[in-house]
Amino acid sequence: MPAQNKTTRRSLLVTSAVLSSLALAAPAAVAAPKPSDSPSASASPSATPPASMSSVGGARLGRPGTQANLAGGVPALPKDVSARSWIVADAESGEVLAAHNAHWRLAPASTLKMLFADTLLPKFPRDAKHKVVPADMAGIGAGSSMVGIKEEETYSVHDLWLGVFLRSGNDAVHVLSAMNGGVENTVKDMNEHAEELQALDTHVVSPDGYDAEGQVSSAYDLTLFARSGLQKKDFREYCSTVSAKFPGQTKKGKKGKPVRESFEIQNTNRLLAGDSDVPVYQGIAGVKNGNTTNAGATFTGVAERGGKVLLVTVMNPEKPEHNEVYKETARLFDWGFKAAGKVQPVGELVPPKGAEEAKPGANPSGEAGGSGDGGSGMAGTGSKPVASAPAADGSSGIGTALGIAGGVLVLLAGGAFLVNRRWPLPDLVRRRTRP
């Protein structure tokens with residue numbers, strides 16, 4: 001393979017223009033038929049995956065069962081992984097190290113919010129304000145996870161995204177969708193963006209991931225969404241935030257003056273925030289979890305150790321144990337870090353369809369929401385690497401994406417593509433006291 005193509009193929013992702021630049025190296029791919037909107041399309045699937053699935057990313061990824069090249073020197077896969085579908089991928093090169101029913105179309109639950117965020121984050125400046133009206137909250141499914149948005153209150157876009165990422169708030173999703181022209185328009189935008197990312201297993205019906213007829217995705221597609229979203233500074237910040245303050249309801253205080261206090265929200269990603277039976281995973285930096293009746297538990301995570309950055313997606317573990325989706329994700333991360341550099345890949349994460357349209361000079365920063373720096377102004381000094389994130393200690397605080405770690409942009413020969421040579425993970429995922 002020529003040096004230029006090899007460099008392009010193994011380069012890191014940064015912006016849509018950067019990911020786009022890889023299309024020339026993408027393999028030919030065949031997608032399975034799009035799902036119908038019939039009840040059977042969203043009903044709980046059988047325990048047996050389809051005999052024929054999409055071949056996007058490589059033929060082996062379309063085969064049912066576990067796909068891995070366990071030659072001599074490659075550690076054995078963990079035996080106690082019960083998920084219907086999972087994938088372990090190198091976030092930098094895009095190589096899929098191992099997978100199990102990677103293209104099985106299943107209900108995604110709130111992991112679909114990664115696509116929602118990747119689609120809408122660039123549309124609104126984080127300091128923009130929006131007053132919530134009753135119509136904004138219409139159509140939220142019964143039993144939805146909520147962050148606690150109140151009608152007639154004003155929220156910043158930054159507040160709303162914290163609600164989406166930390167509490168998986170369907171109320172925050174619906175408000176942002178209303179700002180985007182409504183749920184129907186947002187669903188249309190998400191489906192178009194999924195197609196551009198070559199996430200062809202995905203069909204969006206509800207932007208929040210709530211169970212809906214015909215709404216499906218796959219472990220492969222969810223990993224594409226995470227990989228694309230993590231190019232954006234704001235996305236990296238929000239998905240790595242452990243806890244934050246969220247605006248409450250305005251009440252009358254002393255002397256009848258209106259007072260609006262805030263309350264603390266915690267990230268429901270247990271590998272990031274920890275739990276009684278799940279420690280904080282060393283090197284974790286996000287991304288998103290979900291759980292519904294139809295989908296079961298779903299999760300996509302990104303973590304860094306020893307200079308390697310991996311993405312793991314796990315969908316619907318069959319074991320009924322508490323926090324099982326996080327436990328199985330941790331086992332797959334452990335295997336991936338041991339196997340990285342030793343195992344031959346079984347496929348790859350493909351770039352977007354519009355790669356050939358990428359032009360030199362496109363903004364490579366991955367900034368989101370129209371902000372100048374994509375950050376929150378909370379960057380501190382003396383921050384530790386992601387891989388040294390301490391275990392949960394119960395203190396309040398926040399982990400933030402503080403910028404690109406050694407993001408060196410390289411103009412490839414011929415000036416055709418901008419490629420980031422380093423993965424832009426947060427410099428800090430830890431807890432620290434907020435002012």
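Predicted model: local features only at pLDDT ≥ 70, side-chain atom pairs only at ≥ 80, totals over all residues.
Me: What makes the contact between α4 and α6?

Reply: Helix α4 contributes Lys-113, Phe-116 and Leu-120, while Asn-170, Val-173, Leu-176 and Ser-177 belong to the α6 side. By class, this contact has 4 nonpolar, 2 polar and 1 charged residues. Phe, Leu and Val count as nonpolar, and Lys as charged.

Me: Why is Thr-223 called buried?

Reply: The cut-off for buried is under 20% relative accessible area. Thr-223 has a relative accessible area of 0%, so the term applies. The residue lies in helix α8 (residues 219–229).

Me: Which residues does Thr-223 touch, not counting residues up to four places away in sequence?

Reply: With that exclusion, Thr-223 touches Ile-87, Ala-89, Leu-311, Thr-313 and Leu-349.

Me: What makes the phi of Asn-101 worth noting, and is the residue buried or exposed?

Reply: Most residues other than glycine have a negative phi. Phi of Asn-101, by contrast, is near 50 degrees, a positive value in a residue that is not glycine. Asn-101 is found in the loop between β3 (95–100) and α4. Its relative accessible area is 3%; the limit is under 20%, so Asn-101 is buried.

Me: How do you know that Asn-323 is buried, and what is its phi?

Reply: A relative accessible area of 13% is computed for Asn-323. Since buried means under 20%, Asn-323 is buried. Its phi is positive, about 60 degrees, although Asn-323 is not a glycine. The residue lies in the loop between β10 (308–317) and α11 (324–339).

Me: Where is there a cis peptide bond, and what is its omega?

Reply: A cis peptide bond joins Gly-286 and Val-287, with omega about 25 degrees. Val-287 is part of strand β8 (residues 284–292).

Note on methods:
Residues numbered from 1 in each chain as written. Heavy atoms only, no water. Helix = DSSP H or I, 4+ residues; strand = E, 2+ residues; numbered from the N terminus. Buried < 20%, exposed > 50% of the residue type's maximum accessible area, 1.4 Å probe, protein only. Contact = heavy atoms within 4.5 Å.
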